[in-house]
Amino acid sequence: MSTSVRKQIPTRFGGMMIVAGTAIGAGMLANPTATAGVWFGGSVLILLYVWLCMYLSGLMLLEATLHFPQGASFHTVVRGLLGPGWSLVTGFAVAFVLYSLTYAYIFVGGGLTQNSLLAIAAWFTEQPLAVSRELSSLLFLLILATSVWISTRVVDRFSTILIGGMLISFFLSTGSLLESVTTAVLFDHQGQGESQYWRYAWAALPVCLASFGYHGNVPSLVSYYNKDAKPVARSILWGSLLALGIYLLWQLAVQGNLPRTEFAPVLSAGGDVSALLAALNVYVTTDAVARSLNAFAFMAIASSFLGVTLGLFDYIRDLFGFADTARGRLKAAAITFLPPLLACLILPTGFVTVMGYVGLMAAVWAALVPALLAYAARKQFPRTVGGYQVVGGVWLIAFVGVFAVIVFVVQLALLVEWLPVFNGH
């Protein structure tokens, strides 16, 4: 009996790996591009500000979720505290963001899987392997979706392995870049190009917010740790800090080697990794970096896919009231994975259009709603659950709420081209 009970205890670092894996994802590769206007000093301050706000909003969501039965997700928590109107708004925001990200990750993961299969085949035979992008996307989805369908515990184990591999490949890919960082490039002291920085700070906020988007996993972690607030709070802290540390090192590696004035081709290519490496190759050899970075990108996409779809899966299961059985989880898995898979196969490049709205919706459900939930929970439930409450009172709730409103307005202004965007010249 004791052995059986011991096996049911969640791992100490499992939650941290889920949070970090969900947050890092492909968004990391967009950060140097999004913050090129403010450059290194400005990007550090913006990342720290966004991390703090998103960390606090995650804790506020944890506090509110603890007042509900184990297994409750966004649907139950928001409806219980804010009413059906906010539940509808939040449900749309959660579904839009998580389905859009799942859609994008299937497409990008399919391409990375296809490249990996072709590279592996080239080691064994000179005959080219006939594998389509569609088949590669399906293979990528089936392997990872099965993990989500089985249990959060499997996602925990898989995420830990992926994060480990991701860290190894990250340091292999950035080692030579970090060694060649120069202060003149890092602090843009070369005296060339545009000298304005802070006017571009607004444009960096939505991308940085999306880089810390782990909130869909908070209700899942509350259930996973049996409503014990301490390990969930610890997972949010260390998982988000791990993501922040990797982001800062990556900013240092890129913006310490590639001059701000040379970012034009990278920006015109939408921040594509190959364009970034091609630009860096002028200043430092990136052949070995490219191989390690491709491995990093694959594991980052896979770990983010697991975290994002775990949050969507649990939200779907809560929304439709599916039982936590193999059959109930299969129904939830079908609703979670089939729509983005079909969209990816029918409109393989359509995510470019919708991704501009992801930051808009994420500001609502990952920042504004958690702040409102914490405020409503304290009014509706005067007593805390397990003695847990986010410090700071109403002022800290207002701090996070204002951040959410700022990002929402900024994203709207960017969509209608009312704010300046750095073009690298």
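Here are a few questions and answers on helix packing and the nonpolar core in this predicted model.

Q: Why are H7 and H16 called roughly antiparallel?
A: Helix H7 (residues 133–150) and helix H16 (residues 326–346) pack at an angle of about 155°. Angles over 145 count as roughly antiparallel, so H7 and H16 get that label. Their axes are 10 Å apart, and H7 passes H16 in a right-handed crossing.

Q: Which residues in H7 meet which residues in H16?
A: From H7 you've got Glu134, Leu138, Leu141, Ala145, Val148, Trp149 and Ile150; across from them in H16 sit Ala326, Arg329, Leu330, Ala333, Phe337, Leu341 and Leu345. That contact divides into twelve nonpolar, no polar and two charged residues.

Q: What makes H4 and H12 roughly antiparallel?
A: The axes of helix H4 (residues 39–65) and helix H12 (residues 229–255) cross at roughly 165°. The cut-off is over 145, so H4 and H12 count as roughly antiparallel to each other. Their axes come within 10 Å, and the crossing is right-handed.

Q: How do the residues of the contact of H4 with H12 divide into nonpolar, polar and charged?
A: You get 19 nonpolar and five polar residues there, with no charged ones.

Q: Which residues touch the most other members of the largest nonpolar core?
A: Val50, Leu62, Phe212, Phe263 and Trp365 do, out of 133 residues in that core.

Q: What does Trp365 touch, not counting residues up to four places away in sequence?
A: With those neighbours left out, Trp365 touches Phe74, Thr90, Ala93, Val94, Val97, Leu98, His215, Gly216 and Pro370.

Conventions: Residues numbered from 1 in each chain as written. Predicted model: local features only at pLDDT ≥ 70, side-chain atom pairs only at ≥ 80, totals over all residues. Heavy atoms only, no water. Axes fitted to C-alpha atoms, helices over the stretch in contact; angles between N-to-C directions. Helix = DSSP H or I, 4+ residues; strand = E, 2+ residues; numbered from the N terminus. Parallel < 35°, antiparallel > 145°, perpendicular 65-115°, else oblique. Left-handed = near helix turned anticlockwise from the far one by under 90°. Contact = heavy atoms within 4.5 Å. Nonpolar A, V, L, I, M, F, W, Y, C, P; charged D, E, K, R; others polar. Core = buried A, V, L, I, M, F, W, Y, C linked by side-chain atoms within 4.5 Å. Buried < 20%, exposed > 50% of the residue type's maximum accessible area, 1.4 Å probe, protein only.
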